[in-house]
Amino acid sequence: MKRLKITNDHGWTPRTLRKQERKIKNTLLRQRVMAVRLVMEGYLGKEVASMVNVCRQTVSHYVSLFNEGGLELLLHRDFAPGREPFLTEEQQEEIKHLVLTTTPAELGWDVASAWNTKLLQSYVAKQFGVSISREALRKLLHRKGLSWTRPTYTLAKGNLDEQKQFEKQMDLIKKKLDHQGDRRCCSSVHR
């Protein structure tokens, strides 16, 4: 079996590669750099494979990537483009806008005061003719920066000045209770 060799170090030394390893958060990418560094330090391919827990052919692939394009090519990973989304970007933004600005009751969809995935699923099917799972809708909303919360009631006609005054009074009451509790605690300790 032919010994693996680094034919072009691209200015990297084992020491600088070790420093680079420490900076890399992704375990799989760190493993690639470690494999190349170990080969550079003189270990055999099968020894490196055992140390980083991959097969020898994988170590050989990492070395050839590094020899060809340096660390940049070694750390470059192409990902499959993935499945085409059910909804266009415009439709997704429309759903986000809908959730943020309206209620199902306002649109005549339900008496509910807030959207849920079941209502959105019906809305998407009727509006866009797309059947999408509730989980897919939940993930879509999460990607758009939305999270699920229970609807809360707010007093639309509440007086802000009175609310602030009430909060101050409550804070004073809490402090007074805390102070009395401290006095009781201290007096019982000294007896």
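# A tour of pockets, salt bridges and surface

Start with helix 8 (134–143), which gives the most to the lining of the second largest pocket, with 4 residues. Helices here are DSSP runs of H or I, at least four residues long, numbered from the N terminus. Before you click on, note that this is a predicted model: local features need pLDDT of at least 70, side-chain atom pairs count only at pLDDT 80 or more, and totals for chains, interfaces and linings use all residues. Numbering runs from 1 along each chain as its sequence is written, and side-chain values use heavy atoms, with hydrogens and water left out.

**Stop 1: the second largest pocket.** Select Arg83, Glu84, Pro85, Phe86, Leu87, Gln92, Ile132, Ala136, Lys139, Leu140 and Arg143 to see its lining. A pocket, on a 1 Å grid over the protein atoms alone, is an open set of points where a 1.4 Å probe fits, with protein on both sides within 12 Å along at least five of seven lines; lining residues have an atom within 4 Å of a point. The space here comes to about 170 Å³, a volume being what is filled by probe spheres set on the points. By class, the lining splits into 6 nonpolar, 1 polar and 4 charged residues. Ala, Val, Leu, Ile, Met, Phe, Trp, Tyr, Cys and Pro count as nonpolar, Asp, Glu, Lys and Arg as charged, and the others as polar.

**Stop 2: the largest pocket.** Now pick Val99, Trp115, Ser147, Trp148 and Thr149, which lie nearest the centre of the largest pocket among its 20 lining residues. This one holds about 580 Å³ of space. Which helix gives the most to its lining? Helix 8 again, with 3 residues. Helix 5 (89–101) and helix 7 (117–128) also supply at least two residues each. The class count is 10 nonpolar, 8 polar and 2 charged.

**Stop 3: salt bridges.** There are 6 in the structure, each a side-chain nitrogen of Lys or Arg within 4 Å of a carboxyl oxygen of Asp or Glu. Glu135 is partly exposed at 39% relative accessible area, and Arg138 is partly exposed at 42%; buried means under 20%, exposed over 50%, and partly exposed in between (1.4 Å probe, protein chains only).

Next, select Lys144 and Glu93: their closest N and O atoms are 2.9 Å apart. This pair links distant parts of the chain, with Lys144 in the loop between helix 8 and helix 9 and Glu93 in helix 5, 51 residues apart. Buried or exposed, where does Lys144 fall? Lys144 is buried at 13%, while Glu93 is partly exposed at 36%.

Then jump to Glu21 and Arg37, bridged at 2.4 Å, N to O. Glu21 is in helix 1 (14–23) and Arg37 in helix 2 (27–40), so the bridge ties together parts 16 residues apart in sequence. Glu21 is buried at 7% and Arg37 is buried at 5%.

**Stop 4: out to the surface.** Finish at Val111, in the loop between helix 6 (104–107) and helix 7. Val111 is exposed at 77%, and its C-alpha atom is separated from that of Lys168 by 37 Å.
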